[in-house]
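Student: I would like to learn how to read the place where two chains meet. Could we go through it step by step?

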Amino acid sequence: MLDVSQVYNINFLEEGMLSVIPETIIIIFAFIVLFLTFFEKLSKSNNPYYLSLISIGFSMLYILMLSGRTIDGFYGSIVFNKFSVFLFIGILFSGFLTILMSNNYINNFEVPLPEYYSLILFGVASMMLLVSSNNLIMVFLSIEFMSITAYILTGYLKGNARSTEAALKYFVLGTFASAFLIFGSVFIYAATGHLNLYNIHFFIVNIASKGFVNFDNIKIYLAIGLILFLVGLAFKMSLFPFHAWTPDAYDGAPTPVTNFMATGVKIAAFAIFLRIFSLIYNFNIMNFNNILWLLAILSMSFGNIAALMSSNIKRLLAYSSIAQAGYILVGIIGGGYYGYSGTLFYLLAYVFMTAGAFAVVIIFENFDLMSLDIKKYSGIGYKYPIVAAAMTFFLLSLAGIPVTSGFMGKFYVFSAAIKSRYNLLVLIAFINSAFAAFYYIKIIVQMYMPEKEELIASSNGAQRGGMSGGTNLDKPSGDFGIVNGKINEGLMIVIFICLFFTLLMGIYPQLFINFAHNSISSLWNV
Amino acid sequence: MDFFIKYLLSILIFFPLASVILLLFINKKNEGLLRNLASILSLVEFIFSVYLFVYFKPDTYKFQFVEKLNWISTFGASYFLGIDGVSLFLILLTTLLTFVSLISSYRYIKDHVKEFVILMLILETFMIGTFASLDVLLFYLFWEFMLIPMYFIIGMWGTGRRVYSAVKFVLYTLSGSLIMLFGLIYIFILHYDQTGNFTFNILRLYNTHIPINLQILLFIALFLGFAIKIPVFPFHTWLPDAHTEAPTAGSVILAGVLLKFGVYGFFRFAMPLLPGATLMLAPIVIIIGVIGVLYGALVSIVQKDLKRLVAFSSVSHMGFIMLGLFAMSVISVDGSILQLLNHGITTGALFLFVGMLYERAHTRQIADFGGIAKKAPILTTLFMISVLASIGLPGLNGFVGEFLILIGSFNHYMLLTIIAASGIIFAAVYLLWMFQRVMFQGITNPQIESFQDMDLREIITVLPLILLMFLIGFYPAPFLERIDPTVVHFLGMISRHGYIHNLIKLKMGLSNA
């Protein structure tokens with residue numbers, strides 16, 4: 001690949017700036033949105049909303065312009081390459097969809113608007129920085145940056161006890177994770193003397209091949225460091241023993257923010273884990289795959305069992321996201337070209353299906369702010385056919401039924417793991433996904449096949465006798481909290497975008513597979 | 001016309017989907033139009049599928065109407081379609097039964113007609129796709145998505161514990177399919193290890209060399225997926241529930257087409273991909289099949305619910321088909337495949353009649369019926385023909401299939417065949433006894449007093465099936481001559497691996513077994 005500095009004859013600092021242009025755009029817009037607060041008239045309208053959408057568009061434009069290049073910035077602590085491009089696009093989509101679905105939701109509350117949007121933009125920028133960071137300090141800084149915006153956003157509904165509680169829990173546990181992260185970095189630094197990931201990589205490759213005298217000492221330090229670092233990252237990826245914050249934070253946060261955490265934070269955390277794992281974990285220091293193997297199985301089993309028990313849709317999706325994290329991890333364990341590109345593919349698929357599901361949740365939450373109980377979804381399949389059909393599609397995708405992106409993603413990562421002969425792991429994962437189908441189907445059952453007792457017999461006119469089974473499908477009355485309301489067009493756009501990509505990635509995934517393959521190739525381009 | 005014939009399979013697959021798009025634009029309230037249009041479109045689809053029969057060259061085992069396009073080149077998956085003698089008839093059965101079940105539901109389905117016809121047509125797309133695809137990934141895509149429309153059909157228009165049955169149906173078959181998918185991916189990866197190419201092309205995967213120990217494990221994985229679908233004896237528990245609660249159209253499709261996928265899966269995937277394991281495990285599978293024959297028959301005898309009775313008789317009949325398929329002689333496999341069609345036709349017809357009885361009397365309990373023969377002579381006659389076909393009366397289709405299966409398997413598995421043959425006697429017991437209790441005797445239920453005979457629409461519904469019963473019964477040659485080359489080739493593929501099997505037998509001192 002051409003070195004940009006040679007082509008344009010630019011100096012060191014300029015190259016550094018070039019490497020963070022997509023993030024910079026977002027941050028500049030975030031500040032502009034923030035400054036709108038000073039002008040009361042401007043901040044009351046939809047301006048912050050539109051500005052944030054525009055900023056994401058701009059950033060996307062710059063990414064497309066820079067894509068294909070590899071740019072090192074700031075003494076190698078930021079690397080912009082194809083790997084980042086793929087994930088930037090995922091993160092920007094996550095941010096874009098979050099902003100689109102926020103508009104209608106956040107207006108229901110008495111909270112300042114510009115700050116909300118600017119925080120989301122800051123969050124997007126921090127995730128992008130995290131994905132492109134190539135230095136342990138940079139990783140730590142951007143994770144902190146990302147977490148702090150996430151803490152604030154979680155507790156954004158001032159005066160709402162659940163939101164505040166969620167934010168506090170998230171904050172306390174998150175800080176704990178950060179401590180692990182920095183502690184791990186210290187050990188890694190102590191062992192290798194480098195903070196730059198490439199340098200650490202070369203150092204480990206060298207000592208592994210040359211056989212240093214005191215390699216064993218270094219090995220112990222490195223192993224401890226890597227384990228601690230893994231704990232810190234597992235927190236952000238919400239893998240099983242470190243998941244405790246997930247259900248509460250997801251449940252308490254405003255729903256668009258939940259979506260943002262479930263998609264954006266997850267992508268960013270997995271991406272940086274993938275980068276670090278492929279660069280410095282994958283050597284014979286100790287067998288990390290065994291640890292990940294256990295984490296993956298525990299995450300998916302726990303997530304599925306807990307999701308089965310929960311009756312609140314946001315909690316259910318939170319637990320299901322823990323399970324999904326387990327599936328994604330299978331791809332990383334599978335490893336190699338195949339497994340890593342599968343992981344990226346799954347992450348992108350995950351963004352669209354989760355965002356779509358949350359958009360539908362928001363629609364019904366907007367109609368009645370308490371309708372998070374799955375029981376309240378009873379019969380909406382007939383009242384809102386398009387939305388319910390879309391929800392069904394997203395849930396089927398999460399369950400991994402074919403024709404959806406979820407199936408292709410699962411197929412991709414699982415076959416990668418079989419290729420590396422992790423047969424037992426994949427078998428357990430398959431059993432888990434069969435098990436998981438149950439609770440996704442539970443929601444579909446509520447939407448389309450409500451039980452008779454749960455319905456108040458509506459004056460549907462034609463009481464056609466108790467003969468055919470169809471008769472007990474009378475529409476539920478308005479007593480269930482869903483009042484007729486106009487569905488916000490932003491939400492409908494979200495749903496259509498998500499439907500489009502979920503279907504496309506399920507039917508013709510080749511485009512995305514090529515993209516993922518390309519971006520993975522730059523991962524080893526040290 | 002050339003174009004039409006060349007892409008006939010794609011047209012068959014996507015025509016129902018295109019019809020769905022057309023139907024989406026019709027107002028929900030206009031139920032009559034929706035019903036008629038859907039029936040007409042499915043009739044058109046059936047007529048298209050007849051072209052397959054007409055242009056099919058009967059004297060070759062090679063795949064015909066082949067279409068191949070790149071799909072996911074990274075995995076070596078392609079849009080690869082083609083049919084042989086076996087899938088030809090299964091596709092014809094699918095299009096016919098979809099048409100039949102759409103017209104059969106004019107009276108039964110009263111709510112959400114639009115959703116119903118749309119789901120039926122989507123289901124048709126995926127069923128045909130499953131039979132036509134020669135690419136494992138494509139096959140799996142069609143195979144698993146098929147569950148979803150069926151799930152809605154049972155859950156939304158079913159009776160009684162419909163949700164329980166629908167969820168049970170999905171979870172059972174889904175778990176089986178996922179384990180099957182594991183096996184299929186494993187074979188795919190093994191093929192990659194041996195050749196360095198990713199491919200899902202089934203014709204290439206047939207050449208994968210798999211060690212015998214691994215074959216047995218993989219066979220178990222595939223067996224679970226297909227056996228749950230058939231369903232073979234210990235995995236059958238979802239079937240009576242699903243059948244009983246499903247609406248008539250759902251039962252017809254479920255019994256007529258969905259159950260066939262399991263056997264088709266064995267025929268197309270499990271047995272040729274894992275010939276060694278097939279040869280080794282065939283006796284066990286046959287024993288399971290024969291247990292199914294007896295169990296299904298005995299349980300049918302004591303059923304009080306008409307639909308449950310027919311459902312358990314399916315378990316019994318599918319056991320027969322498994323016996324014929326795994327006996328692996330040309331005659332028995334021919335019989336098995338023919339019996340697949342027969343079962344689809346006769347059991348479909350039986351479910352239609354049960355549905356008609358239910359629509360009139362609002363009950364399915366055998367005890368509530370009696371004396372219908374006096375009130376409805378046409379219904380009684382046609383029902384009688386279907387019952388006799390199901391029992392296997394010579395001159396009707398059931399006899400041909402069962403006879404071929406029995407003489408084909410007799411040489412290899414004498415004792416088991418004799419035991420299985422008793423299943424036919426039991427079939428006579430439960431079906432005729434049921435028929436006697438329902439149709440004859442005195443009228444006990446006052447609702448029967450006003451029992452109406454079949455109207456024209458209902459006669460049209462069952463007439464094609466009745467005609468086919470006679471046609472196959474008297475003149476099965478056009479069917480068998482198309483099935484036969486495929487079956488011979490299929491057995492050739494398996495017996496190539498026969499020598500390994502004999503070696504193992506010798507080693508284990510079982511050469512006389």
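Tutor: Let us begin with a term: a salt bridge is a side-chain nitrogen of Lys or Arg within 4 Å of a carboxyl oxygen of Asp or Glu. The model here is a predicted one, and in it D193(B) forms a salt bridge with R421(A), the closest N and O atoms being 2.5 Å apart.

Student: How many salt bridges does the rule find across the interface of chain B and chain A?

Tutor: The rule finds one there, while the count of residue pairs in polar contact between the two chains is five, with both residues at pLDDT 80 or more.

Student: Which elements of chain B give two or more residues to the side that touches chain A?

Tutor: They are β1, α5, α6, α7, α8 and α15 of chain B, and α8(B) provides the largest share, 17 residues. Sorted by class, this side of chain B has 31 nonpolar, eight polar and seven charged residues.

Student: How is the size of an interface often given?

Tutor: It is often given as the accessible area that is lost when the parts come together. For chain B and chain A, the buried area is about 4400 Å², and carbon and sulfur atoms give 74% of it. Counted by contacts, 46 residues of chain B meet 46 residues of chain A.

Student: What span should helix α6 of chain A have?

Tutor: At 1.5 Å a residue, the 25 residues of α6(A), residues 82-106, should span 36 Å, and the end C-alpha atoms are 35 Å apart, which agrees. This helix is also mostly covered, since 22 of its 25 residues are buried.

Terms used: Residues numbered from 1 in each chain as written. Chains lettered and ligands numbered in written order. Predicted model: local features only at pLDDT ≥ 70, side-chain atom pairs only at ≥ 80, totals over all residues. Heavy atoms only, no water. Helix = DSSP H or I, 4+ residues; strand = E, 2+ residues; numbered from the N terminus. Expected span 1.5 Å × (residues − 1). Buried < 20%, exposed > 50% of the residue type's maximum accessible area, 1.4 Å probe, protein only. Contact = heavy atoms within 4.5 Å. Buried area = accessible area lost by both parts, 1.4 Å probe. Polar contact = N/O pair within 3.5 Å; in protein donor to acceptor, adjacent residues only side chain to side chain. Nonpolar A, V, L, I, M, F, W, Y, C, P; charged D, E, K, R; others polar.
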